[in-house]
Amino acid sequence: MGPHDELLDAARAETGLDDFGDDAFREGLEILVRDLREHARLNAVGQAGLRKVVVDMLGQRLQVEDWYRRHPEIDDEPIEAPLIGIGLPRTGSTALSFVLAEDPQAKSLRRWEASQPCPPPSTVDGPDPRVETAKAEIAQIAKLSPRTLAMLPGSPTGPMECLSLLALDFKSHVFQAFAYVPNYSKWLLDTDCASAYAYERRVLKLLQWGFPAKPWRLKAPAHLLFLDSLDRAFPDARFVWTHRDPTAVILSVADLYTEVAGRFSDDVDTHYIGELNVEHWTVGIARSLAFRERCEARGEDRFHDIDFRAMQTDPIGQVRGLYAWLGEPVTPGFEAGMQAWWEEFAANREPSVHPDPATFGVDLDAVRPLFADYTARIPAWTSR
């Protein structure tokens, strides 16, 4: 992994472009690349793969800015009242995003366009080659780390988290799942992410351009940490919050991080991964509770709640409740699509078995009180 200037030059050379737009991304890029070079202990796959990830993201940013330069009317695209999934990771939010993606009257961020938004999909005639690229990526993951796909369902044309769009501004949790980047993770926890959410909005406009506007269905657990920044970019957003026992969450997400990072390093510090996730998600819960309290004090009805267990036993009923809150219909076609996806998902889902908490240096009895304020509120929220 070379210095960040070399990666900027590589992206310029690959695209023939030079304008990266606003400079807000540069601080995160510099900290991230320094950590990848000095601390991440990358193996050969990690060295080549993560260098490519960074250069590709820089190249996409160059292309986004070029499309806006040539078509400034993209900025006129309306992004109105998106529904954004939040909640701790491993709370059923991914399954929820897949069933919501069956709604033909809404738009989800699709896997094939999330990390490669350019060219704008409306400008591509015929089958988009990015779909085949996404298929190849999933096949590669299945070959190198089959447990990753078992733990986190994926489809080339299915929905993807917002993390790839936030990563274009180099403020995203996706990087700390890839590798040991302690300085970057610490910086990310305390940085202002307003520019990242502004850039996400910028890219969503580009993806929507040329198509009839539909309400967006977005999601990422990491939004919990940055709701104030998100709110500045999407002040009319509404939120669907999925809930589960936080102790089960910590073990599951630490297990997932370990599985992902193991592709890029032969020396994964599982105790650090446990400590990192306890820290970030306790901070995320505290910040999100404070944000929700401020919204409710203003009389704003912006949150709908779904319990993990209820989603597992009656997914269609939970979506019906969500859509009643939104004031939108669940059409017969939408319901049939949800039912078909859930039946296939349930048939292929593997049992959830995670390592002993000691693997991650986690004491669940010590973790549980950190979430006490949050868990005390879940029953009232999910019974509405």
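Leu-370 sits in the loop that links α18 (364-367) to α19 (372-382). The model is predicted. Setting aside residues up to four places away in sequence, Leu-370 touches Val-278 and Thr-282. Pro-329 is 41 residues from Leu-370 in sequence, and the two C-alpha atoms are 39 Å apart in space.

The crossing of α14 past α19 is left-handed. On the α14 side, the contact is made by Ile-285, Leu-289, Arg-292 and Glu-293. On the α19 side, Asp-373, Tyr-374, Arg-377 and Trp-381 take part. By class, four of the residues in this contact are nonpolar, four are charged and none is polar.

Which residues of α10 (residues 182-190) are buried? They are Pro-182, Tyr-184, Ser-185, Trp-187, Leu-188 and Leu-189.

Now turn to the start of the chain. Helix α1 (residues 4-15) meets helix α3 (residues 44-70), with axes that come within 8 Å and cross at roughly 55°. That angle makes α1 oblique to α3. Here the crossing is right-handed. From α1, the contact draws on Glu-6, Leu-7, Leu-8, Ala-10, Ala-11, Arg-12, Glu-14 and Thr-15. From α3 come Arg-51, Val-54, Val-55, Asp-56, Leu-58, Gly-59, Leu-62 and Gln-63. The contact of α1 with α3 has eight nonpolar, three polar and five charged residues.

In soluble globular proteins, nonpolar side chains tend to be buried together. The largest nonpolar core of this model has 97 residues. Which of them touch the most other members? They are Leu-36, Val-54, Leu-58, Phe-170, Phe-239 and Trp-241. Val-54 shows how such a residue is placed. Neighbours within four places in sequence aside, Val-54 is in contact with Leu-7, Leu-29, Leu-32, Val-33, Leu-36 and Phe-170. Another core, of 21 residues, lies apart from the largest one. Its members include Leu-83, Ile-316, Val-319 and Trp-342.

How values were computed: Residues numbered from 1 in each chain as written. Predicted model: local features only at pLDDT ≥ 70, side-chain atom pairs only at ≥ 80, totals over all residues. Heavy atoms only, no water. Axes fitted to C-alpha atoms, helices over the stretch in contact; angles between N-to-C directions. Helix = DSSP H or I, 4+ residues; strand = E, 2+ residues; numbered from the N terminus. Parallel < 35°, antiparallel > 145°, perpendicular 65-115°, else oblique. Left-handed = near helix turned anticlockwise from the far one by under 90°. Contact = heavy atoms within 4.5 Å. Nonpolar A, V, L, I, M, F, W, Y, C, P; charged D, E, K, R; others polar. Core = buried A, V, L, I, M, F, W, Y, C linked by side-chain atoms within 4.5 Å. Buried < 20%, exposed > 50% of the residue type's maximum accessible area, 1.4 Å probe, protein only.
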